[in-house]
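Trainee: Could we walk through this model together? I would like to look at helix packing, the chain contact and the core.

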Amino acid sequence: MENRTDKNSYTILFAIAMVVIVGAVLAFTASSLSPKISENQRIEKQQNILYAMGVNQNDESSAVFVSTKEAQELFDKYITKQLVIKNGQASEDEEAYLIDLKKDKAAAAGDASKRNLPLFIGEKDGTTFHIIPIYGKGLWDAIWGYVSLDDNMVIQGAYFDHKGETPGLGANIKQRYFMDDFIGEHLLDANGNFKGVEVAKGNADPTNEDKTDNAVDAIAGATITGDGVTAMIKSDLKLYKPYFDNLKNN
Amino acid sequence: MGLLSKKDTKLITDPLADNNPITIQVLGICSALAITAELKASIVMSISVMFVLGLGNVVISLMRNIIPSKIRIIVQLTVVAALVIIVDQVLKAFAYELSKTLSVFVGLIITNCIIMGRFEAFALANGPWKSFLDGIGNSLGYGVILIIVGFFRELLGSGTLLGFPVLGDPIAKTGLYAFGYENNGFMLLSPMALIVVGIIIWVQRTRNKALVEDH
């Protein structure tokens with residue numbers, strides 16, 4: 001006996017109904033939650049930027065942001081200027097921290113002069129921090145970070161995050177022991193040329209005593225993620241070199 | 001047992017040992033390899049799968065009489081994917097920190113073969129309550145293996161458990177490391193998960209000969 005549910009017409013109707021219902025439910029969920037989600041993401045960006053300039057609630061070994069409630073207030077307090085650098089010209093923009101690096105990178109299509117490069121100036125206890133967002137790819141998906149530099153392009157703080165790196169391996173780029181290694185590292189070589197910081201395997205300096213070797217120790221089992229970090233530091237921070245050159249000449 | 005009949009209890013306890021989804025049914029191996037490098041990820045994954053499998057089994061079981069058999073796999077996939085996406089969105093809106101921890105697992109949950117396997121093998125033929133118990137039982141069985149594998153991989157690979165150093169400091173050479181012990185970096189890579197699962201299967205089948213297949 002043929003079952004009612006085996007008929008082609010029933011199958012097609014069922015498929016259509018299912019698509020409509022599931023589609024509607026998902027669309028409703030997504031659109032009703034999206035303001036709240038983008039607000040969360042906005043606060044997270046502020047927390048990340050503050051983290052990179054050392055405004056955080058780190059305990060001995062783990063990375064802890066300032067609370068979401070305080071984020072806006074502290075952001076207004078510590079971030080004195082937000083700049084967008086376009087083709088060498090820096091202009092102030094209160095919403096520079098909302099620039100989507102991924103979209104901006106895609107829109108510029110490899111032409112550095114078309115990039116809108118965000119730069120945040122932070123002041124804390126008389127020290128100036130130049131905080132720069134960076135974006136690249138790891139093993140599975142996107143990785144990104146915020147690096148704060150002094151006038152000589154020496155790293156003062158770094159925060160990295162990722163979308164879907166392997167837990168226990170690549171995902172450890174957001175662990176303190178990895179991020180803290182970058183503090184004090186020079187981006188320029190001895191001659192003042194841009195070199196970046198390499199996440200190096202077989203590093204002769206695993207405890208990172210030498211801050212001018214342009215290298216930090218890599219995470220075992222996370223070679224591709226580490227290479228991704230190296231690449232995004234090199235490609236994205238290099239674009240800011242002219243800005244820092246200017247800073248010195250003035 | 002007032003709440004659960006003997007049969008119901010079996011639905012929960014069977015998958016823990018003699019009908020374990022990983023070691024006996026050999027389902028869900030892919031995620032067992034991918035995320036067991038640390039114990040915490042194993043626990044998070046187990047809880048996530050328990051939630052999705054429990055709920056998904058109920059939904060599929062409720063729909064079992066109206067699902068056209070020709071497209072049942074697609075229907076099942078749609079149900080899991082929709083459930084996972086909704087949960088992910090809700091977490092992103094109301095528990096942002098937690099959602100960031102889970103984001104890696106979302107894709108892995110949808111493609112976990114245990115979920116499709118249980119829909120096919122159980123939920124399509126049984127009522128919602130039984131299906132729910134079956135879902136919980138199987139995800140517990142999955143979780144037990146994940147946690148055992150995660151425990152050994154994190155302990156032997158990184159010398160930590162849940163992120164806390166338990167064997168001493170490998171760089172300062174304290175604790176066990178003072179005696180020349182070294183972390184086994186190979187434990188952090190997926191092949192070792194397969195070997196650990198293999199050892200569990202070996203131990204299990206040695207203890208219970210009935211599980212050994214005849215040739």
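**Packing, interface and core**

Trainee: Which hand does the crossing of H3(B) and H5(B) have?

Mentor: Happy to start there, keeping in mind that this is a predicted model. H3 spans residues 39-63 of chain B and H5 spans residues 96-110 of chain B, with axes 10 Å apart. Their crossing is right-handed.

Trainee: And why is H3(B) called oblique to H5(B)?

Mentor: Good one! The two helices pack at an angle of about 50°. Angles under 35 degrees count as roughly parallel and 65 to 115 as roughly perpendicular. The angle of H3(B) to H5(B) therefore makes the pair oblique.

Trainee: Which residues in H5(B) meet H3(B)?

Mentor: From H3(B) come B:Val44, B:Met45, B:Ser48, B:Val49 and B:Val52. By class, this contact has seven nonpolar, two polar and no charged residues. The partners in H5(B) are B:Thr101, B:Leu102, B:Phe105 and B:Ile109.

Trainee: Turning to the interface, which element gives the largest share of the side of chain B that touches chain A?

Mentor: On that side, 27 residues of chain B are in contact with 25 residues of chain A. The elements giving two or more residues to chain B's side are H4 (72-94) and H5. The largest share, nine residues, comes from H4(B).

Trainee: Last one: which residues touch the most other members of the largest nonpolar core?

Mentor: That core has 85 residues. Leaving out residues up to four places away in sequence, A:Ala52 touches residues including A:Tyr146, A:Gly157 and A:Tyr159. Those touching the most other core members are A:Ala52, A:Ile131, A:Val147 and A:Ala158.

How values were computed:
Residues numbered from 1 in each chain as written. Chains lettered and ligands numbered in written order. Predicted model: local features only at pLDDT ≥ 70, side-chain atom pairs only at ≥ 80, totals over all residues. Core = buried A, V, L, I, M, F, W, Y, C linked by C-beta atoms within 7 Å. Buried ≥ 20, exposed ≤ 12 C-beta atoms within 10 Å, placed from the backbone. Contact = placed C-beta atoms within 7 Å. Axes fitted to C-alpha atoms, helices over the stretch in contact; angles between N-to-C directions. Helix = DSSP H or I, 4+ residues; strand = E, 2+ residues; numbered from the N terminus. Parallel < 35°, antiparallel > 145°, perpendicular 65-115°, else oblique. Left-handed = near helix turned anticlockwise from the far one by under 90°. Nonpolar A, V, L, I, M, F, W, Y, C, P; charged D, E, K, R; others polar.
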